[in-house]
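Subject: Structure handover

Hello,

Here is the structure for you to look through. My notes come after it.

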Amino acid sequence: VCVLLCAHASNIISCVLSRVPLQFMLYPFGLVVSFSLALTLLAQLSDTFRDFCSMSMDAHIVLGGALSFLVVFRTNSSYDRWWEARKELQNVVNSCRSHATAVASSLNTPEATERVFMLLVLFLVSLKAWLRDEKIGKKELGGRMDWKTVKVVNRAACPPLACVHMISRDVRDNLPVDDKSTKDIDESQINAAIFVESVEIT
């Protein structure tokens, strides 16, 4: 029991601090520990029960070898899943950066550019909160974030999708207006290309 507690001390501490998995882990884990502790005390106090519970070391060697292989395979598969999720998250971050680079410099006003930047950050935060089945809190937001917009996103059925809709709407509404007096550049085609690219990126 002491060996198991020491080996899983970090997991136990993280469970206690997070308080999220306690609802479905506390009672089974407590039952296993209590049962193991009772058998250990009974084996130490009773010679008859100690002889009944004793077994050859070969069983421990075989079981330990099989358990070590199982733990190694489980650890490798868990790391592979974590790394795949990490790569996908990095792709999302890179897409947001590409969107900011492609769109922000083409908007009408600095205020519109600032709002697009804010919505991109809000998209990443809302995606993290949505995957964790949580709401966006004030603690993880900076002072430049509009809390009214955050409330609207929190009330949405799919907060990341709501952010994408806000980004595409703000980009479409703040593109430069065509100047009919100049015929050198066809701004309508440029604006349409910028809007299509922003929608594809988000």
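Below is what was found, from the overall fold down to single residues.

Ground rules come before the findings. This is a predicted model, so local features need pLDDT of at least 70 and side-chain atom pairs count only at pLDDT 80 or more, while totals for chains, interfaces and linings use all residues. Residues are numbered from 1 along each chain as its sequence is written, and side-chain values use heavy atoms, with hydrogens and water left out.

Overall fold

The chain has 9 helices and 0 strands. Helices (H or I, at least four residues) and strands (E, at least two) are DSSP runs, numbered from the N terminus. The order of elements from the N terminus is α-α-α-α-α-α-α-α-α. Of the 202 residues, 22% count as buried. Buried means under 20% relative accessible area, exposed means over 50%, and partly exposed lies in between (1.4 Å probe, protein chains only).

The chain exposes about 15,000 Å². Carbon and sulfur atoms supply 65% of that area. Areas come from the Shrake-Rupley method with a 1.4 Å probe; for residues, only the protein chains shown count as cover. Now contacts, meaning heavy atoms within 4.5 Å. Among those with a separation of 6 or more, residues 24 or more positions apart account for 57%.

Nonpolar core

The largest nonpolar core has 24 residues. Such a core is a set of buried Ala, Val, Leu, Ile, Met, Phe, Trp, Tyr and Cys residues joined through side-chain atoms within 4.5 Å. Leu122 and Ile136 have the most contacts inside it. Four helices each supply at least two of its residues: α5 (57-103), α6 (110-131), α7 (147-155) and α8 (159-173). The largest share, 9 residues, comes from α6.

What does isoleucine 136 touch, not counting residues up to four places away in sequence? The list is Leu122, Val125, Ser126, Ala129, Leu141, Trp147, Val150, Val153 and Asn154.

Salt bridges

The count is 3 salt bridges. The rule asks for a side-chain nitrogen of Lys or Arg within 4 Å of a carboxyl oxygen of Asp or Glu.

Glutamate 84 pairs with lysine 87, with the closest N and O atoms 3.6 Å apart. Both lie in helix α5, 3 residues apart, about one turn of the helix. Glutamate 84 is partly exposed at 39% relative accessibility. Lysine 87 is partly exposed too, at 38%.

Arginine 115 meets aspartate 170 at 2.4 Å, N to O. Arginine 115 lies in helix α6 and aspartate 170 in helix α8, so this pair ties together parts that are 55 residues apart in sequence. Aspartate 170 also bridges to arginine 169, at 3.7 Å, N to O. Shared partners therefore join Arg115, Arg169 and Asp170 into one network.

Which of these three side chains is buried, and which are partly exposed? Aspartate 170 is buried, at 8% relative accessibility. Arginine 115 is partly exposed at 26%, and arginine 169 is partly exposed at 30%.

Aromatic rings

A search of the whole structure finds 2 aromatic pairs. Tryptophan 82 and tryptophan 83 form one that is tilted, at 5.9 Å centre to centre and 40° between the planes. Rings of Phe, Tyr and Trp (its six-membered ring) pair if their centres lie within 6.5 Å; planes under 30 degrees apart count as stacked, over 60 as edge-to-face and the rest as tilted. Ring pairs link Tyr79, Trp82 and Trp83 into a cluster. Tryptophan 83 is partly exposed, at 41% relative accessibility.

Surface patch

Leu37, Leu41 and Leu45 form a nonpolar patch on the surface. Together they have about 330 Å² of accessible area. Patches are made of residues with over 30% relative accessible area and no salt bridge; like charges are joined within 9 Å, nonpolar side chains (Val, Leu, Ile, Met, Phe, Trp, Tyr) within 5 Å. Leucine 37 lies in helix α3 (residues 22-45). Its relative accessible area is 44%, which makes leucine 37 partly exposed.

Backbone

Most residues other than glycine have a negative phi. Aspartate 133 has a positive value, near 60°. Aspartate 133 sits in the loop between α6 and α7. At 72% relative accessibility, aspartate 133 counts as exposed.

Best regards
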